[in-house]
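Let us walk through this model together, one region at a time. Keep the viewer open as you read.

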Amino acid sequence: MSKGEETRQAILDRAVGLASALGLEGLTIGRLAGELDLSKSGLFAHFQSKEALQVQVLEAAAARFVEVVVKPALGAPRGEPRVRALFERWLAWPKAVPQPGGCLFVAASIELDDKPGPARDLLVKLQRDWLDVLAVAVRTAVAEGHFEKSTDPEQFAFELYGTMLMCHHASRLLRDPKAVGRARRAFENLLAAARAPES
């Protein structure tokens, strides 16, 4: 990685943290310049607009999520072990990559759900891609004979996503110390409902 790329990555890392705390709308080139003690004109040369900054922040966060959660989990054996690895790495995501305002994707989903534009379009794509990764892992578990043939991969992904959203809500807003344990129990119930008898 060149010096310029390292600088850009450092800028984006700080921008992801700020967006997590302030929201994507609260993240401006001026605010980021102040945080980094850089000139606005220098940052403007990197990002051109607030909208471009928002998109690149989401792209940077997504790349980190793939690196920390998806790629390592896909190294697990096919079938139920891979589904479990995806869940475990996802559950560990907030500690592996701490963000001051919590998960940027959750915050951005609330912020952008009714605001058309490139940032929302990208977020929708990222969320659909992630649901597809989960569904494909479940489909593979069916093919491997770990899950019942009647298992609906999209429904499984939907319920798992709901579990993780509730875990985030319970952990951050409610400060429930049992949130992670409850998420694990919900996940085990999902597995038990999907598991083929011989598994």
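This is a predicted model: local features need pLDDT of at least 70, side-chain atom pairs count only at pLDDT 80 or more; totals for chains, interfaces and linings use all residues.

Residues are numbered from 1 along each chain as its sequence is written, and side-chain values use heavy atoms, with hydrogens and water left out.

Helices here are DSSP runs of H or I with at least four residues, numbered from the N terminus. An α-helix has 3.6 residues a turn, so residues three or four places apart point the same way.

H8 has 20 residues and reaches 28 Å from its first C-alpha to its last, close to the 28 Å expected at 1.5 Å a residue; the expected span is 1.5 Å times one less than the number of residues. H7 can be checked in the same manner: its 26 residues should span 38 Å, and its end C-alpha atoms are 37 Å apart, which agrees. Just after H7, Gly145 takes a positive phi of about 85°.

Next, look at Glu80, which is in helix H5 (residues 80–96). Glu80 counts as buried because its relative accessible area is 12%. Its side chain makes a polar contact of 2.8 Å with that of Arg195; such a contact is a pair of N or O atoms within 3.5 Å, where within protein one must be able to donate a hydrogen and the other to accept it, and residues adjacent in sequence count only if both atoms are side-chain atoms. Beyond its neighbours within four places in sequence, Glu80 is in contact (heavy atoms within 4.5 Å) with Ala141, His146, Phe147, Leu191 and Arg195.

Let us turn to the open space. The largest pocket holds about 800 Å³. Of its 33 lining residues, Trp90, Trp93, Pro94, Cys103 and His168 are the closest to its centre. A pocket is found on a 1 Å grid over the protein atoms alone, as an open set of points where a 1.4 Å probe fits, with protein on both sides within 12 Å along at least five of seven lines; lining residues have an atom within 4 Å of a point. Grid points are joined across faces, edges and corners, and the volume is the space filled by probe spheres set on the points. H8 returns here, giving the most to this lining with 7 residues.

The second largest pocket has a volume of about 270 Å³. Among its 14 lining residues, Gln9, Asp13, Ala60, Ala61 and Arg64 lie nearest its centre. H4 gives the most to the lining of this second pocket, with 5 residues.

Finally, visit two loops. Gln48, between helix H3 (40–47) and H4, has a positive phi of about 70° although it is not a glycine. Arg175, in the loop between H8 and H9, also has a positive phi, near 55°. Arg175 is exposed because its relative accessible area is 59%, whereas Gln48 counts as partly exposed at 48%.

Key
Buried means under 20% relative accessible area, exposed over 50%, partly exposed in between (1.4 Å probe, protein chains only).
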